[in-house]
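Work through the exercises below with the sequence and the structure open. Each task is followed by a solution in steps.

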Amino acid sequence: MYKTYIFDFDYTLANSEKGIVMCFQLLFEAEGYKGIPEDAIRRTIGMTMFDAMKSLTGETAPDRIYELIKEYKVRFSDKYMTANTHLYPETLPVLKALKEQGSRCCIVSTKTRSRINETLRKYAMEDLIDLVVGMEDVDNAKPAPDGINRVCDHFGLDKKDVLYIGDNTIDAKAAQNAGVAFAAVTTGTTSEPDFRPLPHVAIMKDLSHILAIP
């Protein structure tokens with residue numbers, strides 16, 4: 001049993017796919033980017049917005065990429081994202097069980113803390129999460145260890161007592177770089193074989209299996 005469980009957000013605790021795809025599609029339609037398939041958008045979930053926007057549009061000028069990110073947020077994401085973000089059925093029962101056994105539960109994500117907190121309020125689950133570290137809280141995004149290290153430093157944690165849970169190989173590499181254990185969930189776009197070469201204590205079909213990790 002670990003003392004602290006740190007979760008990724010998108011495709012781990014919650015499914016934001018509908019909102020993310022919708023907002024990108026609305027942006028691309030407004031800005032004249034054509035022929036970008038939904039699957040390509042889904043595969044960027046877990047990346048930073050800068051990397052996702054650059055990959056999907058092919059733009060290379062940072063000013064243009066940041067302009068598109070601003071348009072994405074102000075015109076579409078602020079309106080549609082949280083309304084189209086839904087917890088997985090296992091999320092609340094697992095978090096409640098972990099808290100009941102005395103564990104700490106935190107979130108480290110490339111999503112912004114402010115957006116994550118909207119979902120926490122939506123589901124009245126703020127008391128289940130001890131700390132949220134979002135994109136605006138770190139100098140370097142995953143796979144850099146900054147977010148995980150921030151949680152560990154905040155609570156003075158021994159890293160052997162920490163488990164990071166995520167749906168992407170980016171998460172696995174972040175855990176490895178931070179020196180903490182990692183458990184994968186295949187609720188996103190990354191399959192079990194992709195996780196096997198990377199250090200892990202478990203590869204799970206959904207979060208419910210986390211309670212069986214020793």
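This is a predicted model: local features need pLDDT of at least 70, side-chain atom pairs count only at pLDDT 80 or more; totals for chains, interfaces and linings use all residues.

**Exercise 1.** Find which residues touch the most other members of the largest nonpolar core, and which elements supply the core.

Solution. The core has 27 residues, and Phe7, Ile165 and Ile210 touch the most other members. Two or more residues come from each of strand 1 (4-7), helix 5 (91-100), strand 4 (104-108), helix 6 (113-122), strand 6 (162-166), strand 7 (181-185) and strand 8 (202-204). Helix 5 gives the most, with three residues. Next, take Phe7: leaving out residues up to four places away in sequence, its contacts include Leu95, Leu98, Ile107, Ile165 and Ile210. Another core, of 22 residues, lies apart from this one and has Cys23, Ala40, Ile41 and Tyr72 among its members.

**Exercise 2.** Classify the ring pair of Phe50 and Tyr66, and state what it ties together.

Solution. The ring centres are 5.0 Å apart and the planes stand at 45°, so the pair is tilted. Phe50 belongs to helix 3 (residues 49-57) and Tyr66 to helix 4 (residues 62-80), so the pair ties together parts 16 residues apart in sequence. Phe50 has 23% relative accessibility and therefore counts as partly exposed.

Conventions: Residues are numbered from 1 along each chain as its sequence is written. Side-chain values use heavy atoms; hydrogens and water are left out. A nonpolar core is a set of buried Ala, Val, Leu, Ile, Met, Phe, Trp, Tyr and Cys residues joined through side-chain atoms within 4.5 Å. Buried means under 20% relative accessible area, exposed over 50%, partly exposed in between (1.4 Å probe, protein chains only). Helices (H or I, at least four residues) and strands (E, at least two) are DSSP runs, numbered from the N terminus. Contact means heavy atoms within 4.5 Å. Rings of Phe, Tyr and Trp (its six-membered ring) pair if their centres lie within 6.5 Å; planes under 30 degrees apart count as stacked, over 60 as edge-to-face and the rest as tilted.
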